[in-house]
Amino acid sequence: MAAVLKTKHHGGCPHDCPDTCSMVFEVEDGKLVGVRGNREHPMTRGGLCVKLKDYEKRHDHPDRLLYPLRRTGPKGSKQFEQISWRDALDEIAARWKSIIAEHGAQAIAPYSYLGHQGLVHGLNGGDAFFNRMGASVMERTFCGEGSATAWLLTYGPSGGLDPESFRHANLIVIWACNSVSTNLHHWHIVKEAQKAGAKVIVIDAYASRTAKEADWHLAPRPGTDGALAMAMIHTLIDEDLIDNDYVENHTEGFAELAERAKTRTPEWAAEITGIAARDIRQLAREYATSGTAAIRIGVALERHHGGGQTIRAVCALPALTGAWRHVGGGILAMPVWQHPYRFDAICRSDWIPVGTRVLNNLQLGRDLTGENELSIPIKSLMVWNTNPVTQAPECDKVVDGLMRDDLFTVVADHFLTDTAVYADIVLPAAMGAEMEDIILAWGHNFLTYNEACADAPGEAVSNREIFRRLAAAMGYDEPEFKWSDSECLEHFIDWDAPVCDGIDLDYLRTHGYARLNVGSADERAPHREGNFPTPSGKCELKASLATGGNFVAAPFRQMYEDMQGGEPLDDLPDYVAPRESAQSNPALAARFPLSLVSPKSHGFLNSCYANASDKIKGQGEQFVLIHPDDAAARNIEAGSTVRVSNDRGSFEGAARLTKDVNCGVVVATLGYWRQLNRGTVNIVSSAEFANMGHAPSFSDNLVEVALA
Ligand SMILES: Nc1nc2c(c(=O)[nH]1)N[C@H]1C(S)=C(S)[C@@H](COP(=O)(O)OP(=O)(O)OC[C@H]3O[C@@H](n4cnc5c(=O)[nH]c(N)nc54)[C@H](O)[C@@H]3O)O[C@H]1N2
Ligand SMILES: Nc1nc2c(c(=O)[nH]1)N[C@H]1C(S)=C(S)[C@@H](COP(=O)(O)OP(=O)(O)OC[C@H]3O[C@@H](n4cnc5c(=O)[nH]c(N)nc54)[C@H](O)[C@@H]3O)O[C@H]1N2
Ligand code: SF4
Ligand SMILES: [Mo]
């Protein structure tokens with residue numbers, strides 16, 4: 001018997017994660033049999049996280065969807081029959097054509113996210129198709145749009161502090177980011193700096209895995225970080241810890257910010273945050289005097305009403321102290337802005353008919369149930385790369401909407417997810433190693449190539465192929481609908497951009513990854529001399545864009561305007577209270593006295609892997625962290641099943657009594673499947689937008705906890 005040859009191929013982790021690891025796929029006889037991290041890659045360094053280290057098992061999972069399915073029983077009953085691709089496509093095209101004829105194309109709504117993060121098969125992979133159709137535009141603000149808006153207002157589209165430069169920092173502040181679980185390959189660099197003597201400060205609503213490894217953990221009440229940051233600004237000015245030369249030459253609006261910060265004293269912030277005034281002063285002093293201070297903010301910082309304003313206040317800090325002067329000084333949010341992606345070619349937003357309405361993915365439940373009054377109701381929804389029943393807020397409403405008899409729902413996924421079970425037609429999607437792509441990165445400065453090297457099982461096809469087939473069925477014959485994945489990649493990256501100097505598709509195919517030409521992380525201080533890509537060329541403490549200044553970055557104009565959502569933007573940073581807190585809404589807090597934070601699970605990737613028994617075993621059942629005093633007041637013992645509820649609904653979990661949370665705060669992590677549990681955290685979270693970027697408000701959430 002001839003030995004089967006094992007071959008190795010370049011892969012890129014396609015999951016929604018800032019690390020975008022470069023991987024090595026091992027393939028035998030068309031099947032993915034092993035996977036490891038690329039040892040040469042400076043950030044991946046040969047290691048993958050607990051979710052992905054056996055990625056071949058996800059490819060080979062017995063529950064994977066292999067064929068198109070048509071619903072045969074009531075919605076949600078999981079009764080489906082296998083059908084051919086021809087029948088699936090004919091049925092979808094017929095239903096869509098009839099909906100378009102009767103209600104117009106805007107009655108059809110696309111719904112996607114970063115389940116696959118590639119440029120070809122990812123978030124925007126269906127945009128050209130739906131824009132060609134004239135469907136409703138779906139604004140997708142699950143993650144990062146509050147941060148991005150705040151960042152762009154302050155710094156413009158700068159990549160900010162290089163994640164690899166953190167090894168040169170003397171002081172590192174990790175702010176609302178659970179790096180050990182969610183940004184592991186950056187955490188290695190932070191640990192390196194810590195070993196070399198850097199002090200690591202973690203500011204987190206509870207003692208996360210990351211906070212436990214910090215030299216100092218500060219735990220503000222959820223949603224109050226803006227007060228902490230404003231009081232730091234106050235202290236920097238009050239104690240003359242400002243780099244006056246940097247401020248004068250490279251910032252705008254210092255005098256106005258100083259005026260505002262006058263009343264934002266540490267004593268004022270102590271009341272709001274629950275952190276002692278002397279600790280706030282010490283934090284500001286250490287931050288300003290450490291020499292080289294680096295801040296890494298997590299997306300979680302945006303998840304309350306005033307999230308965007310909070311991030312602007314935090315962003316002001318390195319400009320005030322001149323931390324940007326040093327290699328390893330400054331702030332990191334999402335370096336995606338310096339990547340050469342051509343969203344114009346990917347999305348074809350020029351095809352959107354003038355006047356097309358914009359829906360928002362966080363408010364899917366409200367849109368489907370009629371709570372948001374829509375002049376044209378949604379008659380069909382196509383969901384791919386996302387699982388809103390588990391991940392979107394107010395998800396009981398999402399389920400109510402998906403149950404509507406007059407809604408035609410198509411879902412493409414790998415599994416019969418909590419969302420897919422409500423579909424009329426389910427399409428089987430190919431997985432990572434089965435399709436070519438370059439993976440978009442939002443946490444580092446590398447392009448990451450993924451080779452198609454394994455056979456998709458059954459009749460699963462890639463997202464792009466799904467849209468090629470749908471385009472043919474709908475009669476759309478624009479050339480992009482015929483491009484191969486490789487041809488897409490030629491078009492979807494600006495290969496002539498200076499950051500791509502010396503890099504092309506062949507280079508990536510050979511090496512698997514390439515660092516953008518942005519300069520060495522051991523030498524660069526991107527804003528040593530200012531040079532911020534803002535209208536003024538300075539760090540805009542007072543944002544000219546907030547009041548309609550001249551846009552240097554034209555593509556971002558629409559984004560700012562849309563995302564202000566009509567609410568006028570304050571041109572200076574400030575603390576904006578959460579909607580749901582004892583201070584801002586005492587009547588609500590009397591009924592629901594606990595703040596729920598619902599961060600990411602260590603063992604799941606959003607809701608991915610939360611159906612895999614070994615991953616569930618590692619992660620544990622849905623738990624609710626509660627302080628022993630809060631538990632005692634409710635007769636809750638360790639291990640009791642508790643119900644977490646508010647006016648939006650309830651879910652259950654096992655109580656874990658711990659001083660990792662302060663009194664008044666409870667933590668239940670995200671991703672658990674509704675099919676396998678008694679409710680999920682997003683039943684109780686609110687679909688109200690934060691006040692910037694239409695960001696979500698998952699951390700702005702009052703609940704009560706009781707024995708179930
Ligand atoms: N309470 C609370 N809610 C949150 C958050 C929170 O912190 N707290 N975080 C929010 C954030 S930051 C995010 S990013 C969102 C994420 O929310 P989602 O984007 O919905 O994330 P997932 O649950 O991973 O869903 C991705 C789905 O895509 C599928 N998929 C993966 N690859 C492919 C593919 O190639 N093709 C197709 N067709 N499908 C594929 C997966 O199987 C999975 O079902 O959740 C948000 N929700
Ligand atoms: N293991 C794992 N890794 C992931 C994911 C996953 O689901 N699982 N998801 C990926 C995605 S989509 C994203 S966006 C990133 C997100 O990565 P992170 O930004 O790290 O997101 P979270 O885990 O939601 O929240 C991080 C920390 O913020 C804290 N926090 C929440 N609200 C507040 C607040 O108001 N103030 C303060 N100071 N702290 C607060 C939480 O307690 C939590 O410890 O992770 C990615 N990586
Ligand atoms: S999920 Fe993140 S850390 Fe894990 S392999 Fe993928 S990119 Fe790397
Ligand atoms: Mo996210």
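How many nonpolar, polar and charged residues are in the lining of the second largest cavity? The lining has six nonpolar, four polar and no charged residues. Gly counts as polar in this scheme.

The model is predicted; local features need pLDDT of at least 70, side-chain atom pairs count only at pLDDT 80 or more, and totals for chains, interfaces and linings use all residues. Residues are numbered from 1 along each chain as its sequence is written, and side-chain values use heavy atoms, without hydrogens and water.

The second largest cavity has a volume of about 60 Å³. A cavity here is a set of points, on a 1 Å grid over the protein atoms alone, where a 1.4 Å probe fits but cannot get out. Lining residues have an atom within 4 Å of a point. Among them are Leu-114, Phe-343, Ile-346 and Leu-440. The count comes to five cavities of 30 Å³ or more.

Ligand 1 is surrounded by 30 residues (a heavy atom within 4 Å). Thr-386, Asp-413, Ser-598, Ser-607 and Asn-682 are the closest. By class, this shell has twelve nonpolar, 13 polar and five charged residues. Domain 1 (69–143 + 339–515) and domain 3 (586–707) both contribute to the shell, so ligand 1 lies between them. The domain bounds come from an automatic or database assignment.

Polar contacts are pairs of N or O atoms within 3.5 Å. Nitrogen atoms of ligand 1 lie 3.2 Å from a polar side-chain atom of Asn-385 and 2.9 Å from one of Asn-463. A polar backbone atom of Asn-387 is 2.8 Å from a ligand 1 oxygen atom. Taken alone, ligand 1 exposes 920 Å² (Shrake-Rupley method, 1.4 Å probe). The protein buries 98% of that area.

Key
Chains lettered and ligands numbered in written order. Polar contact = N/O pair within 3.5 Å; in protein donor to acceptor, adjacent residues only side chain to side chain. 1 Å grid on protein atoms, 1.4 Å probe; cavity = no way out; pocket = protein on both sides within 12 Å on 5 of 7 lines; lining within 4 Å. Points joined across faces, edges and corners; volume = space filled by probe spheres on them.
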